[in-house]
Amino acid sequence: MIKRMIAIAAITTVFAALFAGCGDSLQEFTFTYSSESAGSYKTSVSFDSRQAYRIEIYNYYMDNHAGKHRPIVKEGTLTDEEYKTLKKLLSKCNLFKMDDAYGFGRENDEFAGDIMHQMHFQTPQKNKFISIRHITEHTYPLSFVNLWVYANTFLSEHK
């Protein structure tokens, strides 16, 4: 009986340590998403574990015609709800298991083939870059798509 209780306590301790370790991976992080059309525009949003965000918008096409460099930069703090949603999306989406690049081994998409999406996710232990050239026939995990949609929606609502 005592051996059984010790075994149960040991197993419980191991599982508690494992589950605690899973949450620790997002105690400190940075995540950046950018979308760019070469020579035309670039939009970028960065988030970190201090609830800070930074949005950068570059309109290369118009700036080149005007002969000026006029990026729009906006910094702020995520609301508790926004931060909670972001952390949940990042936790569900295992970016470290994804490929580093998508869409580069195929013909450009006629409509949006010059658009490049990039994501950078960093924790104290790991660093991941993902580059995506737009192609219509590639599918991604739903958790990744949800993160992508969140980043784009955040950009649209906060720029």
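F96 lies in the loop between helix 3 and strand 5 (101-102), in a model that is predicted. Setting aside its neighbours within four places in sequence, F96 is in contact with F121, T123, K126, N127 and K128. F96 and Q122 are 26 residues apart in sequence, and their C-alpha atoms are 9.6 Å apart in space.

**The chain as a whole**

The protein chain contains 4 helices and 7 strands, and from the N terminus on these elements run α-β-β-β-α-β-α-β-β-β-α. Of the 159 residues in the chain, 35% are buried. Among the contacts in the chain with a separation of 6 or more, 60% are between residues 24 or more positions apart.

In soluble globular proteins, nonpolar side chains tend to be buried together. The largest nonpolar core here has 30 residues, and F31, F47, L90, L95 and F144 touch the most other members. Two or more residues come from each of several elements, among them strand 1 (30-37), strand 2 (41-48), strand 3 (52-58), helix 3 and helix 4. Which element gives the most to this core? Helix 4 does, with 7 residues. As for L95, its contacts beyond four places in sequence are F31, L90, F121, K128, I130, F144 and L147.

**Helix 3 against helix 4**

The axes of helix 3 (residues 80-92) and helix 4 (residues 142-158) come within 8 Å and cross at roughly 150°. Since angles over 145 degrees count as roughly antiparallel, helix 3 and helix 4 are therefore roughly antiparallel to each other. Helix 3 passes helix 4 in a left-handed crossing. On the side of helix 3, the residues that meet helix 4 are E82, T85, L86, L89, L90 and K92, while helix 4 brings S143, N146, L147, Y150, F154 and H158. The residues of this contact divide into 6 nonpolar, 4 polar and 2 charged.

S44 has its place in strand 2, whereas L78 is found in the loop between strand 4 (72-77) and helix 3, and Q51 lies in the loop between strand 2 and strand 3. The table gives the relative accessible area of each.

| Residue | Relative accessible area | Class |
|---|---|---|
| S44 | 9% | buried |
| L78 | 4% | buried |
| Q51 | 19% | buried |

Not counting residues up to four places away in sequence, S44 touches T32, Y33, S34, R54, I55, E56 and L155.

L78 is in contact with F47, Q51, Y53, Y83, L86 and F154, again leaving aside neighbours within four places in sequence. L78 and A52 are 26 residues apart in sequence, and from C-alpha to C-alpha they are 6.0 Å apart in space.

Why is Q51 placed among the buried residues? Q51 has a relative accessible area of 19%, and a residue is buried when this value is under 20%, so Q51 falls into that class. The backbone of Q51 also deserves a look. Most residues other than glycine have a negative phi. Q51, although it is not a glycine, has a positive phi of about 70°.

Terms used:
Residues are numbered from 1 along each chain as its sequence is written. This is a predicted model: local features need pLDDT of at least 70, side-chain atom pairs count only at pLDDT 80 or more; totals for chains, interfaces and linings use all residues. Side-chain values use heavy atoms; hydrogens and water are left out. Axes are lines fitted to C-alpha atoms, for helices over the stretch in contact, and angles run from 0 to 180 degrees between N-to-C directions. Angles under 35 degrees count as roughly parallel, over 145 as roughly antiparallel, 65 to 115 as roughly perpendicular and the rest as oblique. A crossing is left-handed if the near helix is turned anticlockwise from the far one by less than a right angle, and right-handed if clockwise. Contact means heavy atoms within 4.5 Å. Ala, Val, Leu, Ile, Met, Phe, Trp, Tyr, Cys and Pro count as nonpolar, Asp, Glu, Lys and Arg as charged, and the others, Gly among them, as polar. A nonpolar core is a set of buried Ala, Val, Leu, Ile, Met, Phe, Trp, Tyr and Cys residues joined through side-chain atoms within 4.5 Å. Buried means under 20% relative accessible area, exposed over 50%, partly exposed in between (1.4 Å probe, protein chains only).
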